[in-house]
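Let's take a walk through this model, one piece at a time.

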There are 2 protein chains.
Amino acid sequence: MKYPLPIEKLMRALQRLPGVGRRTAERYAFDLALDWEKEELDLLQGALSDAKEHLTTCPICGALKDGQECFFCQDTRRRKDLLAIVATAREVFALEATGEYRGQYHVLGSLLSPLDGRGDERLRMAPLFSRLQKGEIKEVVFALDSTLEGDATALFLKEQLEPFSLSISRLAFGIPVGSSLEYVDGGTLARAFLGRATF
Amino acid sequence: MKYPLPIEKLMRALQRLPGVGRRTAERYAFDLALDWEKEELDLLQGALSDAKEHLTTCPICGALKDGQECFFCQDTRRRKDLLAIVATAREVFALEATGEYRGQYHVLGSLLSPLDGRGDERLRMAPLFSRLQKGEIKEVVFALDSTLEGDATALFLKEQLEPFSLSISRLAFGIPVGSSLEYVDGGTLARAFLGRATF
């Protein structure tokens, strides 16, 4: 059984989206092909073109920017002495959305992956060093995944940042807010116990 | 906190996809903007254009077609006396993928929705009647959702097809293959019991 060629092509393209398998791609493709108005499709296509043409990354922090100035680096109301190191440009927005962080960002672009042999050549280390050499940054927070890759990257960064006299911290590990202990895995529970705080 | 405008526009467009909320749209948008090569984006955009330009529905059965001839109506190896009535063009492919069905299709285009006031003016009834009037079709299977809408549509169709002397059936209700009874809801279990077959 074959799909009409335009549907097949659309499905193949959509399957490149993260977490999208053949069934979800099929659902999206039929919806796009049958239910979307021409104007809606035009909006999507315009947005795709714009994203590729107008989005750039800031050469300093590595976050996304769409204009001349970096939204984060140029904001004078943000703390200049505090730097959060994140893996991807998307995580900048996740941290920003918490409303708790008002410092600078540095996007690494990737995490080390000892198992996949992904090494530090993929990390934006040179721009990080040149920022730290200016001496303005005093405190660094590693806002990295709590995975093997995140741990490896945190260890590597800690070593690399040794020469600078910085206060280094990493996001706390513990029980996700709103979870029942019953559903928390043993590793998380152990980390939560080790990190227990006076109440 | 604001996203760069191209990301925001892309997210808004992607949120029109079925089942895609703001978080999934964000994930897709960042992936598209940051990780897709220009060639991959071009493929997606080309597929979107093609889908809208080249896909049409067969005026007889209502299934999708991309060429001159309908893949289903023109296939002489398919049974001419058996007709499956489905709600959407996508469901044709779902049924086709089972490999069990080799008859004709009729796409209604919608289901009746008594609660939303969606009536029979949305159903492709006229082309259905003209097909049945030819007298070639002897057996009709309702391949409809087992929902309130599917039930209402099945009852409506049964009434409408009364004047034609047809053998009418509906897909069996019962326990999904591979499920444990523990996770099957009471309504399904009751239908499965009523439809029990000699073993």
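Keep in mind that this is a predicted model. Start in chain B, where two helices touch. On the α1(B) side, the residues making contact are B:I7, B:E8, B:L10, B:M11 and B:L14. They meet B:R22, B:A25, B:E26, B:Y28, B:A29, B:F30, B:L32 and B:A33 of α2(B). Sort that contact by class and you get ten nonpolar residues, three charged ones and no polar ones.

How do the two helices sit against each other? Helix α1 of chain B covers residues 5-14 and helix α2 of chain B covers residues 22-35; their axes come within 8 Å and cross at roughly 125 degrees. Angles over 145 degrees would count as roughly antiparallel and 65 to 115 as roughly perpendicular, so α1(B) and α2(B) end up oblique to each other. As for handedness, the crossing of α1(B) past α2(B) is right-handed.

Now move along chain B to the strands. Strand β5 (residues 139-142) of chain B has strand β3 (residues 82-86) of chain B as a parallel partner, with four bridges joining them. To find one spot in that pairing, look for B:I85, whose bridge partner in β5(B) is B:F142.

β5(B) also pairs with strand β6 (residues 167-170) of chain B, again through four bridges and in the parallel sense. Here B:V140 is a handy landmark: its bridge partner in β6(B) is B:I168.

Note on methods: Residues are numbered from 1 along each chain as its sequence is written. Chains are lettered from A and ligands numbered from 1 in the order in which they are written. This is a predicted model: local features need pLDDT of at least 70, side-chain atom pairs count only at pLDDT 80 or more; totals for chains, interfaces and linings use all residues. Side-chain values use heavy atoms; hydrogens and water are left out. Axes are lines fitted to C-alpha atoms, for helices over the stretch in contact, and angles run from 0 to 180 degrees between N-to-C directions. Angles under 35 degrees count as roughly parallel, over 145 as roughly antiparallel, 65 to 115 as roughly perpendicular and the rest as oblique. A crossing is left-handed if the near helix is turned anticlockwise from the far one by less than a right angle, and right-handed if clockwise. Contact means heavy atoms within 4.5 Å. Ala, Val, Leu, Ile, Met, Phe, Trp, Tyr, Cys and Pro count as nonpolar, Asp, Glu, Lys and Arg as charged, and the others, Gly among them, as polar. Two strands pair if DSSP finds at least two bridges between them.
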